[in-house]
Amino acid sequence: MLETGFAQIRFAASIFFGTRFSLWSLDQLIASLQATQREFGFLRSEGRDLLVSPQLDEETRRAMQLRRFRSQAVRAGRETVYYQRLFERLGLDPGRVRYEEIAHLPLTPKADLRSDPEAFVCHTAHPSLRALTTGTTGWPTSVSFSAYELRVYAALTAISALFSGEITSEDIVQMSTSSRGTLGNVCLAGACAHIGALVYLAGITEPAHALALLAEKHHLTGKKTRTSVLYTYPSYLGELIECGLARGYRPADFGLERIFVGGEVVTDGLKARCQQLFGAAHVLEGGYGMTEIWPFGGQLCEQGHLHFEVSQGLLEVSNVETAAPALAGETGTIVATPFRPYRETTLVLRYETGDVVHRLAEPLTCRMRHLPATSRLLGKLGLSVLHECGWTYPRQIAEALEALEEVPLPARYGYWAVPRGWLSRWS
């Protein structure tokens with residue numbers, strides 16, 4: 001008990017003050033959570049508060065995030081080639097930036113990180129993994145991470161999964177994800193190792209092969225008889241649904257309990273149609289995240305908002321038309337700055353993600369209302385269309401199409417501006 005108490009205090013200090021995580025404390029917390037789960041069969045939901053910063057009023061939150069931003073910016077200006085050059089050109093002392101001035105600092109475009117990723121790596125860091133993005137058919141963006149960061153991410157993922165019950169030691173987990181998605185694969189596999197779950201990388205193979213793996217029966221002591229958890233992308237899940245139904249699979253052929261989908265827009269139609277093949281398996285959206293700003297990202301609440309933990313990074317939303325900070329009710333792109341101690345190797349400040357969201361206008365009443373929030377992801381700005389009637393975003397098209405049984409999954413479509421509106425074509 002005493003060791004667990006010290007571990008909790010050490011963990012809380014990292015979240016509250018931005019100091020490095022103690023790997024010992026993370027391991028101790030995981031062991032303690034597992035012991036509690038074995039003894040009582042469940043974990044109290046209040047324990048999840050350990051993973052987030054305390055509820056802060058607006059003034060206190062801004063002061064805390066300003067300190068974190070300054071600290072990260074000072075380090076970036078001192079230890080990375082990119083920001084050292086940028087601050088010298090601007091004649092800027094990042095340690096003296098005021099909160100209201102952050103929005104006027106230059107954005108970091110994806111093109112700069114993609115063209116010279118090593119210019120963003122701290123010269124005192126010890127990178128051990130070069131993670132490549134998977135969302136492009138061109139030259140991928142790469143981000144380097146240290147062994148310490150990877151161990152922290154795996155441990156934090158395990159702690160979160162233990163509290164939520166998303167993964168247990170009895171689970172068999174199939175990762176139907178790209179082999180290029182190294183960062184997410186490593187973090188999930190590491191979390192499963194902490195928890196004691198069995199995990200395997202099936203990759204993005206022919207859907208028939210992935211379905212056969214899901215239907216396979218197992219006879220391992222302490223493990224479920226079939227794969228119980230699936231991690232994949234919405235588009236690939238759509239392929240599995242179409243292939244499975246065409247081959248005559250039914251819910252009784254599988255043992256899936258939870259399906260985690262992310263990396264793309266997840267539609268309500270896809271989740272509804274998933275029941276035809278996988279029955280009562282819960283389809284859970286993975287929130288919002290990307291390699292470039294990992295692990296800073298959005299977590300979905302029960303009302304479908306994306307909430308961003310204030311100790312992990314600074315969330316800004318830039319208006320899609322004016323590039324000014326988006327006001328409540330406006331649409332903009334996510335601009336993100338991940339903080340220490342979550343990011344220490346590759347530093348990005350005010351990274352322009354190109355991902356479109358709505359700034360929420362109404363007062364929040366959800367469980368996570370104390371955290372900054374946006375709508376669910378609307379899609380990439382580069383895939384959105386401006387026309388005479390306003391903007392059309394990928395989510396709007398995908399939601400309309402994938403709700404229709406006549407449209408094969410995943411919906412494949414194109415749309416473009418025409419006089420007095422927009423035109424869409426699907427196949």
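I looked up Asp 171 first: its side chain makes a polar contact with the side chain of Arg 258 at 2.7 Å. A polar contact is a pair of N or O atoms within 3.5 Å; within protein, one must be able to donate a hydrogen and the other to accept it, and residues adjacent in sequence count only if both atoms are side-chain atoms.

The model is predicted: local features need pLDDT of at least 70, side-chain atom pairs count only at pLDDT 80 or more, and totals for chains, interfaces and linings use all residues. Residues are numbered from 1 along each chain as its sequence is written, and side-chain values use heavy atoms, without hydrogens and water.

I placed Asp 171 in the loop between α6 (147–164) and β3. Asp 171 is buried, at 0% relative accessible area (buried means under 20%, with a 1.4 Å probe and protein chains only). Beyond four places in sequence, its contacts (heavy atoms within 4.5 Å) include Lys 223, Lys 224, Glu 257 and Arg 258.

Next I checked α9, residues 234–246. Its 13 residues should span 18 Å at 1.5 Å a residue, and the end C-alpha atoms are 18 Å apart, which agrees. The expected span is 1.5 Å times one less than the number of residues. Gly 248 follows α9, with a positive phi near 85 degrees.

The buried residues of α9 include Tyr 236, Leu 240 and Cys 243. They belong to a buried set that packs against β3, α8, β5, β6 and α10.

Terms used
Helices (H or I, at least four residues) and strands (E, at least two) are DSSP runs, numbered from the N terminus. Buried means under 20% relative accessible area, exposed over 50%, partly exposed in between (1.4 Å probe, protein chains only).
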